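Welcome! Take a moment to turn the model around on your screen before reading on.

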Amino acid sequence: DYLVWTLLEEGKEVANGRVDNLAVPAQGKKVVTLKGFKHPAANGKEYMLNVEFRLKEAQPLLAKDYMVAHEQFQLTEYAYPTVEAIAAAEGAPVSEDVHVACLILKGGDLTVTWNRSNGWIEYIDVNDTPMMEKGHALKPNFWRAPTDNDFGAGLQRRFADWKEPGLRLTREGLKWTKEGNNMVVTAEYEMRKLEATLVMKYILTADGQLIVNQSLKAGENKEGKPQLFRFGMQMVMPEAYANIEYYGNGPGENYIDRNNDQTIGIYTQKVAEQYFPYIRPQESGNKTEVRYWRVLDNAGKGLEFFGTEALNATALNYLQDDLDDGWDKDQRHSGDLTPRDFTVVSIDKQQFGVGCVNSWGAWPRREYQMPYGDYEYTFVIRSVK
């Protein structure tokens, strides 16, 4: 075998090298010096060291140069932006256009429209180009299409209250106020069935960035309350936005308890490639440790999503309901699915682990679960020009 190393700066290769003649006996150990490698200086950027072990010669069923093992080492941490820094951006004051049915705010090249009766964002336009499919809204999402492992453990029934949590806008309704050149919009929702409260806070900045904060406050009585499948937001973009570029774990789908085989880097993929055709339709296509997530058209224009912490993200040509069998498994197959003519984008703080222990009752390990409780996260939407 031989070793190949690659140094990445913010996901991009800046140095590489190779070590031959490892000569490590079976179950043995050896200290190897990476010739030409220099530890990067602390300059506020994230550096990763990728190490791969490849075959010098072909083996039965394995070609020459086949990668038999790999590891990634984080040398410096990623500098996630703060809400304060984003909100401090300069620009002309955000304009407001208030109607009985809606609130329209414009900042930079971004125009955002809220439905005043339910508080949800129904339109995001960039220079008058729609970024959202008509008839859909940017809304919280606590559910996923149950996996085979979920069905085996009966989680589609145990967690059912989160599928339709009964969000009801409080009497105060949608509220908005100026903060400098920015506009702040808030909406509070009751979740009576779950004895919880959800607060949505949006900041549209003067330079055209939409900061989205989602905060769940659990009730005092936590006993017997179901866990969450996920905590995040979901929106639908038009069909033209059929490409993704992201900086996070990849290139394959991965989850909080199934991502050690992936490496953090920059990946460019098609939305049509994101769904993995399991025998039966179910949750698919998630990516973890996402620094930024871009959904683009063929000209490279669209939206970028990034957080004040690492995110989970998904882009599929299917609605969640398309992949959800409901209470019990249906006798259908992924080949029966018809892709939608739009892109469903999920931006999450976290998703319940997928288990990977067995498909007849095992839950994910405790650190990969999502107990009933308080959750909060912040992400930002801005245009890619």
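How many bridges join strand 3 to strand 4? Eight bridges join these two strands, which run antiparallel. This is a predicted model, in which local features need pLDDT of at least 70 and side-chain atom pairs count only at pLDDT 80 or more, while totals for chains, interfaces and linings use all residues. Residues are numbered from 1 along each chain as its sequence is written, and side-chain values use heavy atoms, leaving out hydrogens and water.

- Strands here are DSSP runs of E with at least two residues, numbered from the N terminus, and two of them pair if DSSP finds at least two bridges between them.
- Four strands make an open sheet in the order 2-1-3-4, with antiparallel pairing.
- Strand 2 (12–19) and strand 4 (67–76) are the edge strands, each pairing on one side only.
- On average, neighbouring strands of this sheet are turned by 15° against each other, direction ignored; the axes behind such angles are lines fitted to C-alpha atoms, and angles run from 0 to 180 degrees between N-to-C directions.
- As background, strands of a sheet pair through backbone hydrogen bonds, either parallel or antiparallel.

**Who pairs with whom**

- Strand 1 (residues 2–9) pairs with strand 2 in the antiparallel sense over seven bridges.
- Eight bridges connect strand 1 to strand 3 (residues 47–54), and these two also run antiparallel.

**Salt bridges**

- The structure holds 25 salt bridges, each a side-chain nitrogen of Lys or Arg within 4 Å of a carboxyl oxygen of Asp or Glu.
- To describe the partners, buried means under 20% relative accessible area, exposed over 50%, and partly exposed in between (1.4 Å probe, protein chains only).
- Arg18 and Asp20 form one, with their closest N and O atoms 2.9 Å apart; Arg18 is partly exposed at 45%, and Asp20 is partly exposed at 35%.
- Asp109 and Lys385 form another (3.4 Å, N to O).
- Asp109 sits in the loop between strand 6 (102–107) and strand 7 (110–115) and Lys385 in the segment after strand 22 (375–384), so this pair ties together parts that are 276 residues apart in sequence.
- Asp109 is buried at 9%, whereas Lys385 is exposed at 72%.
- Asp150 and Arg144 meet at 2.9 Å, N to O; Asp150 is buried at 2% and Arg144 is buried at 0%.
- Finally, a network of salt bridges links Asp148, Arg280, Asp325, Lys329 and Arg332.
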